[in-house]
Amino acid sequence: MTSMDVLVSLCKRRGFVFQSSEIYGGTGSCWDYGPLGVELRNNIKRVWWRDFVQQRGDMVGLDASILMHPTVWKASGHVDHFTDPMVDCRECKRRFRADQVDELPWVHYCEATKGNKFTIPAGETCRHCGARRTLCPECGRGELTAPRQFNLMFRTFMGPVEEDASVTYLRPETAQGIFVNFDNVLQSTRRKLPFGIAQIGKAFRNEITPGNFIFRSREFEQMEIEYFVNPHETIDGRPADEHWHDRWIEDCQGWFTRYGLQSENVTLHEHAGDELAHYAKRTVDLLYRFPMGWSELMGIANRTDFDLKQHAKFSGKSLTWFDEERKEHVVPFVIEPSAGVDRALLAFLLDAYREEDVRGDKRVVLGFHPELAPVKIAVLPLLKKRPEIVAAGHELRARLARRWVTLYDDTAAIGRLYRRQDEVGTPYCVTVDVKTVGDPDRGEVGDQRVTIRERDSMEQIRVPMAELESVFDRLLGGAAWTEVAAAYPRAEA
Ligand code: GAP
């Protein structure tokens, strides 16, 4: 796997991710998605929505607002419990998460070496004097305060008056928008248990230590599902919530590997008793082998009936489902698969990245699944001095762009153009050349065929222009390259 530095540099150079407000020095905790990044991000969300909402009979979608009634956050427990313990340096005033301060490298002025400054790796002692870290890891001089709880929600004011009565919050998760709409969805769709509501949207957390590129930021996007099940039902002799929890863990893991993550880079982490949130019966995280080590990609929690009961209590509204067979009101249990769009994007990028040696040259490839690739087809003219070739290329781009994200590029020689497309993961390039359009000066007519080059094998075939849509329908619809290519003559690489 590549290092984060290499990936960050590629992301900036090729327009996947930029630092937010970079011309003002950047924010460090927020990121902007560039022309290719926004396509990749939209593809991840579109495929997730299609697979988990549109193609299932037991799911519906929702798009709730970011600003909600402040009591939502009281009921959910976020006002009182969504906190991290933090410590402050009395000298440099920097702030750290108390539970992570020992995981940072630390600055030490060593008495045994006349006060020389050393940066000591996380958790290690000074090899000259044997000291352990007690002072600020950053400046090495200040004492740290005792831990204090710091609420991670961003506060703002609703309306023109900034007073306590108008305080509201930017949502720290999309989940609560689903819980408070449970009855609206139930009444408007006449659903029976089990069924789920999905939502994709922005969330905001005033993280004390954002970092690792887009892994932890203060503004990010979530893809969440709240799947409501009847806790009185059993499936194969087990409580329905336990059955569905296992199903969702399997489905989520399968989804990430289906779209490109190698299975050896994904693992499950079962929360131990002391790690479990107070509302959860069981939580399993999907971890990915990020460059900084195994870290959470998404979580799948059994939240029981906690949220619906809390909102019923605080709102005074009944949030139940009526079981016609048993003639009873049921407060459903909730299974919550919750994924971050940004972390998914980072994992897909990392897993797709590879460097190859091609006849002594380094080739960088993002081997994206075709469904995720930001650009599906690049149309490249072999000679940009020939107006007929350029015109045919533009015409082809416009034709293919009606169906797939297609770009035209004639800003370099063909070898360089191929490498550029490999580096951003474009699965197919179409090249228009002299043979395509012919040469009137020599009395040669064109064969109306173009070359299709496949990213991973770099193989090339000659295909009639009239057949391009049907060929790409198959190639981008899941057919294997070898199968499609077998019907056409090979072109010289
Ligand atoms: N509703 C449950 C919930 O929000 P979470 O584990 O706090 O659970 C779910 O967040 C997912 O959201 C995480 O697994 C991660 O993918 C993403 N996420 C959380 N905080 C994030 C942050 N600061 N930056 C980027 N992604 C984040």
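Predicted model: local features only at pLDDT ≥ 70, side-chain atom pairs only at ≥ 80, totals over all residues.

Colleague: Which residues come nearest to the ligand?

Modeller: There are 20 residues around the ligand, and E173, R205, E207, E224 and E296 come nearest.

Colleague: What does the side chain of E173 do there?

Modeller: An N or O atom in the side chain of E173 is 2.6 Å from a nitrogen atom of the ligand. In the case of R205, a polar side-chain atom lies 2.8 Å from an oxygen atom of the ligand.

Colleague: Where does the backbone of S217 come in?

Modeller: A backbone N or O atom of S217 lies 2.8 Å from a nitrogen atom of the ligand.

Colleague: Which strand gives the most to the shell around the ligand?

Modeller: That is β17, with five residues. The strands β12 (219-229), β17 (293-304) and β20 (333-340) each supply at least two residues of this shell.

Colleague: And how many of the shell residues are charged?

Modeller: Nine are charged, while six are nonpolar and five are polar.

Colleague: Changing topic: how much space lies in the second largest pocket?

Modeller: The second largest pocket holds about 440 Å³ of space. It is lined by 18 residues, of which K192, W321, F322, D323 and E324 are the closest to its centre.

Colleague: Now the cavities. How many are there of 30 Å³ or more?

Modeller: The count comes to one cavity of 30 Å³ or more. The largest cavity contains about 30 Å³ of space.

Colleague: Which residues line the largest cavity?

Modeller: Its lining consists of W48, F52, C252, W255, F256, M298 and A339. These residues divide into seven nonpolar, no polar and no charged.

Colleague: Which helix gives the largest share of that lining?

Modeller: The largest share, three residues, comes from α7. Both α2 (35-54) and α7 (240-258) supply at least two residues of the lining of the largest cavity.

Colleague: How does one find such empty space at all?

Modeller: One rolls a probe the size of a water molecule over the atoms, which shows where empty space is left.

Conventions:
Residues numbered from 1 in each chain as written. Heavy atoms only, no water. 1 Å grid on protein atoms, 1.4 Å probe; cavity = no way out; pocket = protein on both sides within 12 Å on 5 of 7 lines; lining within 4 Å. Points joined across faces, edges and corners; volume = space filled by probe spheres on them. Helix = DSSP H or I, 4+ residues; strand = E, 2+ residues; numbered from the N terminus. Nonpolar A, V, L, I, M, F, W, Y, C, P; charged D, E, K, R; others polar. Near = heavy atom within 4 Å. Polar contact = N/O pair within 3.5 Å; in protein donor to acceptor, adjacent residues only side chain to side chain.
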